[in-house]
Amino acid sequence: MKISDKLSQRKKGDVSYSFEYFCPKTEQGVFNLIDRIDLMSKLGPLFVDITWNAGGSSSSDTTLELIQVTQNEIGADTCMHMTCTNMTIKEVDAALQSAYDSGCRNILALRGDPPIDRSNDHNSSTPNGSNESESSDATTDNNRSEFKYAKDLVKHIRAKFGDSVSIGVAGYPEGLAEQPDNDLLITHLKEKVDAGADFVVTQMFYDADAFVEWFEKVRAAGINVPLIPGIMPVSGWASFLRRARWCQIKLPQHWLDALEPLAHDDAAIRAKGTELVAELCQELVRRTDIDHFHFYTMNLEKSPVMCLDALNLIDESAVDEGTAPLIVPTAQRS
Ligand code: FAD
């Protein structure tokens with residue numbers, strides 16, 4: 001089912017969530033991930049995203065396989081990420097058709113990152129963490145690209161599939177390394193929506209004020225589709241710092257003050273990080289029209305599930321349906 005329909009069919013006041021997973025490199029990793037998606041899907045995410053490795057490397061087949069299994073065997077609605085960097089239209093079309101034939105009705109249309117010179121990594125706009133374990137594959141030859149920007153891909157998908165699919169695009173509340181002008185980025189976001197996108201998923205962020213400022217500018221620019229914040233749970237001190245650095249986002253001082261003293265205690269940092277993420281989400285609900293959170297799971301279950309629990313978003317009935325291993329002790333509500 002289309003994400004646009006799922007979002008609009010919710011009851012007024014409902015808050016929903018989705019999970020994002022990236023493609024593991026090994027066969028065993030894929031098996032393990034499928035088990036994890038299966039278990040976490042029982043909690044009731046509105047949809048499940050599978051990332052795409054820019055340039056259409058061998059992991060494209062894994063993306064398509066994960067879409068097929070999640071959609072048809074697990075029974076969760078899927079959203080496939082699709083980049084157009086270093087892809088011919090024929091290759092893009094083959095991937096889109098395969099996902100469509102699997103029943104996937106949602107595409108997050110992206111440009112993907114241009115070729116990266118890793119010896120001089122100052123300009124790397126590493127994505128939402130999705131390619132964390134795959135970044136070396138990003139050194140691709142960009143000559144085969146037939147679409148220049150994500151908006152061209154959006155137009156193409158709309159022309160090919162009409163209204164039978166929902167199309168999402170990426171938004172950057174704290175900017176993008178290659179484009180220092182945030183207002184221009186919002187103009188380009190508007191072009192993607194005008195080309196046919198019906199929702200926006202954002203890059204990760206931790207600064208509520210920066211997000212709200214961006215949100216207000218986006219709405220003032222006449223972008224009226226649902227804005228879905230990308231939420232990165234905190235699973236450890238080093239990964240918290242590393243992901244923020246990659247995405248070049250601000251780390252609010254009160255987050256650093258609260259988390260740094262716990263740097264050597266993973267359980268404590270996860271618990272404190274959960275509190276902070278939950279406060280961030282609650283603040284967004286209070287200050288904006290946000291009512292859906294997209295969790296970058298990093299293929300892990302503990303931290304995202306703790307966040308959902310802290311936000312009271314876990315359906316009690318799901319706890320009885322074989323999800324017990326997911327429910328951490330703090331989640332045993334009275
Ligand atoms: P675009 O919207 O095309 O923008 C790219 C650049 O072009 C921007 O600087 C923009 O300002 C500029 N631009 C756009 N239109 C114009 C115009 N008309 N004139 C001049 N300049 C213009 N990457 C992956 O490889 N795989 C993934 O699965 C993946 N998932 C992601 C999910 C999310 C939610 C996000 C936020 C990012 C994801 N990425 C992924 C990363 C993404 O591919 C990169 O951030 C990429 O560098 C930009 O992609 P885009 O779709 O935002 O590009």
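Me: To begin with, how many helices and strands does the protein chain have?

Reply: This is a predicted model. Its protein chain has 12 helices and 8 strands.

Me: In what order do the strands close into a barrel?

Reply: The order is E1-E2-E3-E4-E5-E6-E7-E8, and the 8 strands pair in parallel. On average, neighbouring strands of this sheet are turned by 30° against each other, direction ignored.

Me: Which strand does E1 pair with over 5 bridges?

Reply: Strand E1, residues 16-21, pairs with E8 in the parallel sense over those 5 bridges. Within that pairing, Glu20 stands opposite Tyr296 in E8.

Me: And how many bridges are there between E7 and E8?

Reply: E7 and E8 are joined by 2 bridges, again in the parallel sense. Gly230 is the residue that stands opposite His294 in E8.

Me: What about E6 and E7, how many bridges join them?

Reply: Strand E6 (residues 199-204) and strand E7 (residues 227-231) run parallel and are joined by 3 bridges. Met204 has Gly230 in E7 as its bridge partner. Gly230 therefore has a partner in each direction, Met204 and His294 in E8, as two strands pair when at least two bridges are found between them.

Me: Which way do its residues point?

Reply: His292, His294 and Tyr296 point one way from E8, while Phe293 and Phe295 point the other way; all of them are buried. In general, side chains in a regular strand alternate between the two faces of the sheet.

Me: Changing topic, what share of the protein chain is buried?

Reply: Buried residues account for 46% of the 334 residues in the protein chain. As for contacts between residues at least 6 apart in sequence, 81% join residues at least 24 apart.

Me: Now a helix residue: is Ile37 buried or exposed?

Reply: Ile37, which is found in helix H2 (residues 27-41), is buried, because 24 other C-beta atoms lie within 10 Å.

Me: Which residues does it touch?

Reply: Leaving out residues up to four places away in sequence, Ile37 touches Tyr21, Val48, Thr70 and Ile74.

Me: And how far apart are Ile37 and Leu300?

Reply: They are 263 residues apart in sequence and 9.7 Å apart in space, C-alpha to C-alpha.

Technical notes:
Residues are numbered from 1 along each chain as its sequence is written. This is a predicted model: local features need pLDDT of at least 70, side-chain atom pairs count only at pLDDT 80 or more; totals for chains, interfaces and linings use all residues. Helices (H or I, at least four residues) and strands (E, at least two) are DSSP runs, numbered from the N terminus. Axes are lines fitted to C-alpha atoms, for helices over the stretch in contact, and angles run from 0 to 180 degrees between N-to-C directions. A residue is buried if 20 or more other C-beta atoms lie within 10 Å of its own, exposed if 12 or fewer, and partly exposed in between; C-beta atoms are placed from the backbone. Two residues are in contact if their C-beta atoms, placed from the backbone, lie within 7 Å.
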